[in-house]
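Open the model in your viewer and keep the sequence panel beside it. We will go from the whole chain down to single residues.

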Amino acid sequence: MEVIQIIVILFVLFAYSRAVLRFKDKLITFQGFIFWNIIWAGVIVFVLIPSLMTWVAQFIGIGRPIDIFIYLSIVLLFYLMFRLYVKLDQTEQSISRIVEKIAINKPNNKNNKK
């Protein structure tokens with residue numbers, strides 16, 4: 001096993017441990033936990049069996065195996081950015097509703113002083 005493989009496996013195990021802790025603390029959903037399990041398991045498989053990536057690249061018709069990783073990484077990043085955008089939009093809407101309710105229920109201080 002090469003040094004880079006060991007480094008990647010250690011990083012994946014660390015990242016996986018973070019996912020487990022977030023799931024135990026209920027900070028990610030079960031679906032999110034499964035998603036990250038699939039991602040990290042896939043990385044481990046491709047690191048331990050590099051010839052598999054070559055086979056997949058040839059099967060798909062991509063010249064270099066590393067290109068698959070780059071393409072999948074870009075797609076994953078766009079997906080995660082989309083999820084973040086949706087979550088941010090939901091948060092902004094929730095904050096707007098809360099502020100609106102507070103503003104409606106809060107008495108006007110100027111009128112109360114008279």
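What share of the contacts in the protein chain with a separation of 6 or more comes from residues 24 or more positions apart? The share is 43%. Keep in mind along the way that this is a predicted model.

**Start with the whole chain.** Switch to a cartoon view and follow the protein chain from the N terminus: the elements run α-α-α-α-α. That makes five helices and zero strands. Now turn the model along its principal axes, where the C-alpha atoms fill a box of roughly 80 × 30 × 25 Å. The radius of gyration of the protein chain is 23 Å, whereas a compact globule of 114 residues would have one near 13 Å.

**Next, show the surface.** The accessible surface comes to about 9,700 Å², and carbon and sulfur atoms hold 70% of that area. Of the 114 residues in the protein chain, 14% are buried. Colour the surface by charge and you will find 13 positive and 6 negative side chains. The centres of these two sets lie 15 Å apart.

**Now look inside.** Select Met 53, Val 56, Ala 57, Ile 62 and Ile 68, and show their side chains: these five residues form the largest nonpolar core. Helix H3 (residues 50-60) gives the largest share of this core, three residues. Then centre on Ile 62. Leaving aside residues up to four places away in sequence, Ile 62 touches Ala 57, Asp 67, Ile 68 and Tyr 71.

**Last stop: a loop.** Select Lys 26, in the loop between helix H1 (3-24) and helix H2 (30-48). What is worth checking here is the backbone: phi of Lys 26 is near 60°, a positive value in a residue other than glycine. Most residues other than glycine have a negative phi. Is Lys 26 buried or exposed? Lys 26 counts as exposed because its relative accessibility is 72%, and the cut-off for exposed is over 50%.

How values were computed:
Residues are numbered from 1 along each chain as its sequence is written. Side-chain values use heavy atoms; hydrogens and water are left out. Helices (H or I, at least four residues) and strands (E, at least two) are DSSP runs, numbered from the N terminus. The radius of gyration is taken over C-alpha atoms; the globule rule is 2.2 Å times the number of residues to the power 0.38. Buried means under 20% relative accessible area, exposed over 50%, partly exposed in between (1.4 Å probe, protein chains only). Contact means heavy atoms within 4.5 Å. Accessible areas come from the Shrake-Rupley method with a 1.4 Å probe; for residues, only the protein chains shown count as cover. Lys and Arg count as positive and Asp and Glu as negative; His and the chain ends are not counted. The place of a charge is taken as NZ of Lys, CZ of Arg, CG of Asp or CD of Glu. A nonpolar core is a set of buried Ala, Val, Leu, Ile, Met, Phe, Trp, Tyr and Cys residues joined through side-chain atoms within 4.5 Å.
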